[in-house]
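Colleague: Hi! Could you walk me through this one?

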Amino acid sequence: MNIFKKIRKASILFFFSLTVAFGYANSFSDTAGNVQGNPIDTNEEIRDYISHHLQDSHDFTLFTNGKTGKHVGFPLPVIIFDEGFKFFMSSKFHHGTAVAESGGSYYKIYHGKIYKTNAQGDLTLDAHEHPTNKRPLDLSITKSVLGMLLVGLIMILLFSSLAKGYKKNAVPTGLSGILEPLVLYVRDEIAAPNIGPKYRKYMGFLLTVFFFIWISNLLGLTPLGFNITGQIAVTVCLALFTFIIVQFSGNKEYWKHIFWMPGVPVPMKIILMPIEILGMLTKPFSLLIRLFANITAGHFVVMSLIALTITMKAAFGPIAATGTSLILSLFITVIELLVAFLQAFIFTMLSALFIGMAVEEHH
Amino acid sequence: MDLLNDFSPGLFIMQAVILLILIILMRKFAWKPILDAVSSREEGIKDALASAEAAKKEMQNLQADNERILQEARAERDGILKDARELKTSMIAEAKAEAQAEADKVVSQAQTQIQNEKKAAMADLKKQVASLSVEIAEKVVRNELTNKNKQLELVESMLGDVVLN
């Protein structure tokens with residue numbers, strides 16, 4: 001338990017110092033599709049800003065000067081598969097205001113998505129305000145992809161150093177001394193009790209997913225503005241991995257329970273079959289929705305509370321508004337630190353549970 | 001929020017590729033060596049505990065052995081001491097008996113010698129008495145030839161001379 005206290009203390013200090021130092025002052029100067037030098041100060045603009053943040057982005061923008069409309073950040077590479085691969089930097093889009101030309105085709109960003117357009121960049125919108133233009137397959141190194149690569153790099157660096165440490169000393173010290181109990185925690189509290197004696201085979205997946213989700217969630221709490229696990233595509237992918245592993249691990253009893261439930265009368269067997277098949281799909285579906293919704297809600301709430309400093313200024317004055325906003329967002333950020341761990345734990349735990357149900361031996 | 005519209009197939013593919021590569025890399029370079037090292041360490045700890053337990057048991061056995069050997073040695077010492085004591089008393093008794101026997105023998109020898117001496121003396125005396133008797137008889141015979149009274153007197157005087165012990 002001591003180790004968890006240490007980690008909690010260190011991460012709280014780290015993230016709060018970052019949040020207070022950068023995030024607070026600057027996060028609301030970033031403008032999305034609002035580059036006319038108009039600071040974000042209305043409810044409508046704040047809502048747009050938050051939903052822009054929750055989406056993936058093709059630029060890495062740290063902050064924007066609201067008065068001049070100048071973005072501080074760097075462009076990211078865009079990779080499009082549209083009649084062959086096309087590479088260019090996202091600076092070509094000029095933060096969504098310009099049409100980018102590549103290989104004779106024209107592309108425009110609308111609400112974070114790349115659409116194929118004509119040379120003038122005309123978009124035809126349908127009744128739901130969605131462009132009807134074609135969306136090419138966008139394999140860009142977006143902000144979330146950059147975040148994933150960063151998370152992967154952090155994981156490889158941390159844990160390969162832990163692995164190397166064992167060659168010198170059987171008992172790790174320093175940072176590895178904090179990491180080892182976490183690995184053992186996943187093994188002893190998540191994998192072994194839920195999967196049973198065959199757990200060793202699934203450790204690679206469970207450990208990777210656990211630390212990937214946890215570090216991604218923590219990275220989302222930094223003012224860098226990553227929102228990796230809040231992307232539905234990411235959680236779908238994670239849940240799909242669990243789904244595939246569960247189906248491929250399933251033994252005879254597992255499939256028998258789905259298609260021909262033993263121990264019940266024949267009519268019940270027929271009724272249960274579609275329910276069980278549905279259950280096969282709802283398990284990973286609950287995983288992906290839970291993770292996505294928790295992280296999205298967390299980001300939404302923290303940003304909304306930070307925005308109180310603007311929305312309440314008229315009613316309470318700048319000092320009271322900022323103070324209220326600071327206290328509330330600090331409080332919620334602490335909860336989000338817990339949620340970051342909890343969601344990683346639940347995802348891994350339920351994955352292990354589903355695998356355990358598939359490999360369980362019935363006697 | 002429009003989940004279907006928000007779903008980006010490109011991001012999904014990127015995530016799948018990155019996650020797959022990450023799982024493979026982490027398995028090879030991190031999880032496998034870490035879990036192997038930890039489980040071998042746990043085995044080591046278990047073995048060490050077991051061998052410590054065994055050593056403790058052996059120690060106890062050894063101590064019990066020592067105790068037993070000590071007791072045996074003590075018993076042996078007591079036995080030896082007892083034997084020695086018995087030997088001493090028996091030796092003293094034997095010596096005493098021997099001395100007694102020797103003394104008895106000397107005394108009995110002395111007595112037999114005395115007896116023998118006495119017998120020899122008696123025999124000698126008898127011989128002397130016999131020769132004296134013969135002498136007396138000679139003298140008596142001679143005197144008888146002369147005087148009967150005198151003969152009697154002589155016998156009487158001679159008998160008076162002989163002192164029988």
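Predicted model: local features only at pLDDT ≥ 70, side-chain atom pairs only at ≥ 80, totals over all residues.

Colleague: Great. How many residues of chain B are in contact with chain A?

Modeller: On the chain B side there are 35, and they touch 50 residues of chain A. About 3700 Å² is buried between the two chains, with carbon and sulfur atoms giving 76% of that area.

Colleague: Which residues in chain B lose the most area to chain A?

Modeller: Those are Leu11(B), Trp31(B) and Leu35(B), together 18% of what that side buries.

Colleague: And how many salt bridges does the rule find across the interface?

Modeller: Three. In one salt bridge, the side chain of Glu42(B) meets that of Arg187(A), at 2.8 Å from N to O.

Colleague: On to the inside. Which residues have the most contacts in the largest nonpolar core?

Modeller: That core has 84 residues, and the ones with the most contacts inside it are Met155(A), Phe159(A), Phe211(A), Phe212(A), Trp31(B) and Ile34(B). Its largest share, 15 residues, comes from H2(B).

Colleague: What is Phe211(A) in contact with?

Modeller: Leaving aside neighbours within four places in sequence, Phe211(A) contacts Met155(A), Phe159(A), Leu182(A), Val183(A) and Trp31(B).

Colleague: Switching topic: do E1(A) and E2(A) run parallel or antiparallel?

Modeller: Antiparallel, joined by six bridges. Thr61(A) in this pairing stands opposite Gly73(A) in E2(A).

Colleague: And what's between the two strands?

Modeller: Four residues, making E1(A) and E2(A) a hairpin; in the turn, Gly69(A) has a positive phi of about 75°.

Note on methods:
Residues numbered from 1 in each chain as written. Chains lettered and ligands numbered in written order. Heavy atoms only, no water. Core = buried A, V, L, I, M, F, W, Y, C linked by side-chain atoms within 4.5 Å. Buried < 20%, exposed > 50% of the residue type's maximum accessible area, 1.4 Å probe, protein only. Contact = heavy atoms within 4.5 Å. Pairing = 2+ DSSP bridges. Buried area = accessible area lost by both parts, 1.4 Å probe. Salt bridge = Lys/Arg side-chain N within 4 Å of Asp/Glu carboxyl O.
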